[in-house]
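Got the sequence and the model open? Here is a walk through the two chains, meant to be read with the structure on screen.

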Amino acid sequence: MNPVAIFEIFAFLATLVALIILWSNWERAFRQDTRLLFAGLLVLTLFVNFSNVLEWSGITRDMDTLEDYVQILAPLLWVFFFYAFIQEAAAQELRESRERFRSLVEVTSDWIWEVDANATYTYASPNVKNFLGYEPREVIGKTPFDFMPSEEANRVAAEFNAIKEARRPFSGLENLNRHKEGRLVTLETSGVPIFDNKGTFRGYRGIDRDITERRLMEEEREKMQMQLFQSQKMEAIGILAGGVAHDFNNLLTTIQGYTEVAMLKVDGANPIYRDLNHIHYASIRAAELTRQLLLFSRKQPPMELTPLNLNRAIKNSLEMFRRLIGEDIAIDISLGIDLLAVCADAGSIDQVIMNLVVNARDAMPDGGKITIKTENVTIDKEYCTVFSYAQPGEFVCLSVADTGVGMDKETIQHAFEPFFSTKKPGKGTGLGLPVVYGIVKQHGGWINVYSESGLGSTFNVYFPAVFIEPEEKSDEAISLQELQGRNERILLVEDEESVREFAAIVLGENGYVVVAAADAKEALDIFEKEKEVFHLILSDVVLPDQSGLQLVDKLLLRKPDVRILLCSGYMDEKSQWPVINEKGFRFIQKPYTLVNLLRAVREAIEPV
Amino acid sequence: MVQENEVVTLLLGVGVLVFVIANRLQLQRLPGSRILISGFYVYLGGRILTVLEGFFWGESLNFLEHLCSAGSNVLVAIWCWKVLRKGEAVYNESRSHF
């Protein structure tokens with residue numbers, strides 16, 4: 001057989017196989033037009049091969065002419081097939097690209113959008129539902145600013161217009177949006193400008209990211225950092241206050257003490273007496289300032305909670321209030337009848353009342369009226385739902401109102417923050433109200449503030465009531481005569497010379513025999529030499545060579561029945577309060593006044 | 001002797017060649033494109049040889065022409081088997097990169 005015929009048979013069979021493969025994959029092979037063109041090409045080739053087989057195997061040449069013409073179609077079918085195939089591939093790529101985009105849009109946690117040149121949404125991905133609660137169709141046709149509170153819309157619109165004018169991309173544009181449910185959502189928007197083929201600006205395309213939670217977390221972190229900073233500041237104040245308190249209180253003991261001694265020697269009508277009184281008053285205020293600093297830094301000695309009557313506390317402080325507030329401010333006291341007692345530390349309560357009155361005074365630079373009121377109140381559950389920090393039950397309400405400048409909402413929010421002050425520099429420490437807040441919280445109470453700018457302020461302080469009758473204290477009635485000593489011998493141990501001298505003079509002038517020592521060693525020597533004939537050891541807790549507690553322990557071993565009175569200018573752990581309490585020693589806090597010292601000595605020698 | 005239809009076919013084939021060269025990048029991205037395009041080149045080679053056999057080495061070139069024709073058909077059949085039976089060119093609407 002002619003080799004050409006063999007080639008043609010081979011070609012025929014190959015084409016037939018190709019046709020069979022195409023036929024068997026007809027439904028899944030290519031697009032319809034590509035498929036038909038390819039099939040046409042194969043059929044045409046098959047016909048040519050068949051014709052050639054017949055021709056070269058010598059069977060017939062009848063189909064030769066037809067084959068010649070049919071062959072012309074072959075290149076056309078090739079090119080059409082190639083073209084259709086390219087088109088199909090391009091269409092497929094486009095489909096895949098769309099699918100990829102759709103998948104990305106659905107998978108991403110961001111919201112993808114497009115706006116036209118007027119910032120009107122032309123596309124919104126389904127995620128908009130998660131962001132703003134709206135369906136994409138509800139968003140399309142609206143502008144981003146339609147979903148923002150008006151003030152925010154104005155701000156963002158101005159910013160966006162500037163970006164749009166410059167036709168520049170933008171990122172991280174933060175904006176506040178209102179969710180369909182009403183809550184606010186913070187979004188971070190980024191976008192790029194869209195231009196058509198002619199370079200005409202068509203709008204923007206971009207993404208929005210929900211950063212509400214991130215913002216909240218950042219705010220929380222900032223708040224925690226602020227709290228940390230605040231606590232570090234408080235710690236620093238505590239260290240500072242604790243450090244100065246000792247020396248400061250020693251100085252104040254001397255100032256207060258000698259002033260009182262001098263006042264006792266001068267007639268009340270003498271102008272010098274008035275001057276001394278000013279010094280005395282200033283020293284009291286200085287002592288209060290130290291105490292406030294220590295109170296706020298929580299370095300104060302433990303509170304002594306006893307049932308007390310607020311009416312009595314106010315009455316006792318009334319004279320001091322009058323001196324404090326000046327003549328241009330009237331004071332109106334309205335004390336509740338049958339006022340219940342509160343379980344409180346007397347000193348702390350005085351501090352609360354004093355700070356509120358001083359605060360009221362400072363709010364009325366041009367004069368006005370302070371009203372101090374007490375009353376029993378019953379707090380019900382309904383009240384507690386309004387004021388979540390309140391508790392139901394019986395309470396005593398202390399109200400201090402003024403007719404001063406009042407406070408706006410912003411000021412009220414910060415009123416109890418330490419070092420927040422609306423007063424001029426040097427006029428306030430910013431600790432008055434925070435101290436009040438701290439004390440009231442420690443007593444299980446709370447404070448409500450009512451104020452408006454220009455209409456004055458009212459501070460209502462609520463303390464839990466107790467149904468115990470407070471003991472009547474007759475301290476005030478005690479006269480100096482009753483506190484006089486009866487030649488009892490006192491060993492005074494004090495390292496601060498001025499305080500030692502003052503205490504020695506006061507006690508010496510009031511009927512005691514005082515032997516003074518500057519440190520523990522000297523005290524032990526004296527105790528030894530004087531044959532232990534002392535009724536009382538009055539010792540500072542912190543001495544240069546050893547602690548006052550170690551000293552009294554040694555002295556008690558030698559004379560177990562000797563009375564002990566300890567004193568300290570420290571208010572923190574250096575005062576060794578827990579040990580003093582545990583051992584049952586009497587204690588007097590510096591700075592002490594003449595009367596306080598005499599009373600403490602008397603009570604130590606003759607316990608009630 | 002050169003036949004008119006063979007010249008026309010050759011000219012059209014050259015036109016297709018121009019198209020193939022012009023769109024080679026797109027064609028290269030098609031599945032099994034190297035086999036298919038080779039098949040076309042071999043086919044075109046056969047068309048060239050058909051014309052040339054009218055001028056010289058008639059018998060030899062005719063032999064080569066039919067060899068090219070068979071080779072082209074075999075390449076197309078291989079391509080067809082490769083892309084259709086093995087599924088390389090079978091597009092699926094749900095195909096995704098994810």
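## Ground rules

This is a predicted model, so to speak of a local feature a pLDDT of at least 70 is needed, side-chain atom pairs count only at pLDDT 80 or more, and totals for chains, interfaces and linings use all residues. Residues are numbered from 1 along each chain as its sequence is written, while chains are lettered from A and ligands numbered from 1 in the order in which they are written.

## The two chains at a glance

Chain A has 18 helices and 17 strands. Helices and strands here are DSSP runs numbered from the N terminus, with helices being H or I of at least four residues and strands being E of at least two. Of the 608 residues in chain A, 34% are buried. "Buried" is a matter of counting: 20 or more other C-beta atoms within 10 Å of the residue's own, against 12 or fewer for exposed and anything in between for partly exposed, with C-beta atoms placed from the backbone. Take the contacts in chain A with a separation of 6 or more, and 65% of them are between residues 24 or more positions apart. A contact means that the two C-beta atoms, placed from the backbone, lie within 7 Å.

In chain B, 64% of the contacts between residues at least 6 apart in sequence join residues at least 24 apart.

## Where the chains meet

How many residues of chain A are in contact with chain B? There are 35, and they touch 35 residues of chain B. On the chain A side, the elements that give two or more residues are helix 1, helix 2 and helix 3 (64-107). Helix 3 of chain A brings the largest share, with 18 residues. By class, that side of chain A has 22 nonpolar, seven polar and six charged residues. For this tally Ala, Val, Leu, Ile, Met, Phe, Trp, Tyr, Cys and Pro are nonpolar, Asp, Glu, Lys and Arg are charged, and the others, Gly among them, are polar.

Now look at helix 1 of chain A, residues 3-24. Its 22 residues reach 32 Å from first C-alpha to last, close to the 32 Å expected; the expected span is 1.5 Å times one less than the number of residues. Its buried residues include A:Val4, A:Phe7, A:Phe12 and A:Ile21. The buried residues of helix 1 pack against helix 2 (32-56) of chain A together with helix 4 (58-85) of chain B.

## Antiparallel strands in chain A

Strand 5 (residues 201-210) of chain A runs antiparallel to strand 1, joined by six bridges, and A:Trp113 stands opposite A:Gly206. Strand 5 is also antiparallel to strand 4 (residues 184-195), this time through nine bridges. There A:Ser190 has A:Ile207 as its bridge partner. Strands count as paired if DSSP finds at least two bridges between them. Strand 4 and strand 5 form a hairpin with five residues between them, and A:Gly199 in the turn has a positive phi of about 85°.

## The parallel sheet

Further along chain A, five strands make an open sheet with parallel pairing, in the order 14-13-15-16-17. Strand 14 (512-517) and strand 17 are the edges, each pairing on one side only. The twist averages 20° from one strand to the next. Angles run from 0 to 180 degrees between N-to-C directions, and axes are lines fitted to C-alpha atoms, for helices over the stretch in contact.

Inside the sheet, four bridges join strand 13 to strand 15 (residues 536-540), with A:Leu491 partnered by A:Ile537. Helix 15 (residues 520-529) packs on the sheet, touching strand 13 and strand 14, and its direction makes about 155° with that of strand 13. Helix 18 packs on the sheet too, touching strand 13, strand 15, strand 16 (563-568) and strand 17, at about 175° to the direction of strand 17.

Most residues other than glycine have a negative phi, and most peptide bonds are trans. A:Ala119 has a positive phi of about 65°, and is found in the loop between strand 1 (111-116) and strand 2 (121-124) of chain A. A:Ala119 counts as partly exposed because it has 17 C-beta neighbours inside 10 Å. A:Asn487 also has a positive phi, near 60°, and sits in the loop between strand 12 (457-466) and strand 13 (488-493) of chain A. With 8 C-beta neighbours inside 10 Å, A:Asn487 counts as exposed.

A cis peptide bond joins A:Lys590 and A:Pro591, with omega about -5°. A:Pro591 lies in the loop between strand 17 (586-589) and helix 18 (594-605) of chain A.
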